[in-house]
Amino acid sequence: MLEPAAAAHVAAHASPDERAALAAVADRGIAPDGTGYHEFHELLVRASGNPLLTTVLAAVEQAVRWAAVEQDITQFDRDEAARSHRAIAKAISDHDPRRAEHRMRRHLDAALEHVEASGLLGAPMIPPSRWRGDNSDLPWR
């Protein structure tokens, strides 16, 4: 997995402003539309300073946004993910790469468990509802 390594790198190398931004987003929690969730992951990969990782995870994150619309994500799920984000942000603020990597790995494992519980583990990452249409909501359009 790429993000656990990115979290470790950010914990070791992020600027004070990057650490503060991650903590602020984590503290705000996650809105029903996913705001906060996606923002946290985007800030983390941007803080990694790796343009290839940023590009790859931006594409993955867009697919996750689309797939999330078709999943049953409850307020409990959002609260659990927000707690996880706060734990990751704390490890990064504490300059603890090992703990940041561990917390990110646990966060991604929990997300995978949610996908599996939703019955979507074998489903395409980009939902069939997105296979046609103008996709005018893509950030690069």
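This note goes through the fold, the helix packing, the salt bridges, the surface patch and a few backbone details.

1. Basis. The model is predicted, so that local features need pLDDT of at least 70 and side-chain atom pairs count only at pLDDT 80 or more, while totals for chains, interfaces and linings use all residues. Residues are numbered from 1 along each chain as its sequence is written, and side-chain values use heavy atoms, with hydrogens and water left out.

2. Overall fold. The chain has six helices and zero strands, and its elements run α-α-α-α-α-α from the N terminus on. Helices (H or I, at least four residues) and strands (E, at least two) are DSSP runs, numbered from the N terminus. Of the 141 residues, 36% count as buried. Buried means under 20% relative accessible area, exposed means over 50%, and partly exposed lies in between, with a 1.4 Å probe and protein chains only.

3. Helix α3. This helix spans residues 37–47. Eight of the 11 residues of α3 are buried, so the helix is largely enclosed by the rest of the structure. The buried residues in α3 are Y37, H38, F40, H41, L43, L44, V45 and A47. G49 follows α3 and has a positive phi, near 75 degrees.

4. Packing of α3 on α6. The two helices pack at an angle of about 140 degrees, with their axes 14 Å apart. That makes α3 oblique to α6. Axes here are lines fitted to C-alpha atoms, for helices over the stretch in contact, and angles run from 0 to 180 degrees between N-to-C directions. Angles under 35 degrees count as roughly parallel, over 145 as roughly antiparallel, 65 to 115 as roughly perpendicular and the rest as oblique. α3 passes α6 in a left-handed crossing. A crossing is left-handed if the near helix is turned anticlockwise from the far one by less than a right angle, and right-handed if clockwise.

5. Packing of α5 on α6. Helix α5 covers residues 75–93, and helix α6 covers residues 97–117. Their axes are 8 Å apart, at an angle of about 165 degrees. α5 and α6 are therefore roughly antiparallel to each other. The crossing of α5 past α6 is left-handed.

6. The loop between α5 and α6. H95 lies in this loop. Its phi is near 60 degrees, a positive value in a residue other than glycine. Most residues other than glycine have a negative phi. H95 is partly exposed, with a relative accessible area of 48%.

7. Salt bridges around D94. The count comes to six salt bridges, where a salt bridge is a side-chain nitrogen of Lys or Arg within 4 Å of a carboxyl oxygen of Asp or Glu. D94 meets K90 in one of them, at 2.7 Å from N to O. The relative accessibility of K90 is 47%, so K90 counts as partly exposed. D94 itself is partly exposed, at 35%. D94 also forms a salt bridge with R99, at 2.8 Å from N to O. R99 is partly exposed, with a relative accessible area of 27%. Salt bridges that share partners join K90, D94, D96 and R99 into one network.

8. The side chains of R83 and E80 meet at 2.3 Å, N to O. Being three residues apart in α5, R83 and E80 are separated by about one helical turn. An α-helix has 3.6 residues a turn, so residues three or four places apart point the same way. Both side chains belong to partly exposed residues: R83 has a relative accessible area of 43%, and E80 has 36%.

9. R86. This residue is also in helix α5 and is partly exposed, at 33%. R86 and L22 are 64 residues apart along the chain, and their C-alpha atoms are separated by 8.6 Å.

10. Nonpolar surface patch. L2, L52, V56 and V60 form a nonpolar patch on the surface, with about 330 Å² of accessible area together. Patches are made of residues with over 30% relative accessible area and no salt bridge; like charges are joined within 9 Å, and nonpolar side chains (Val, Leu, Ile, Met, Phe, Trp, Tyr) within 5 Å. Accessible areas come from the Shrake-Rupley method with a 1.4 Å probe, and for residues only the protein chains shown count as cover. Helix α4 (residues 51–69) gives the most to the patch, with three residues. V60 is found in α4 and counts as partly exposed at 31% relative accessibility.
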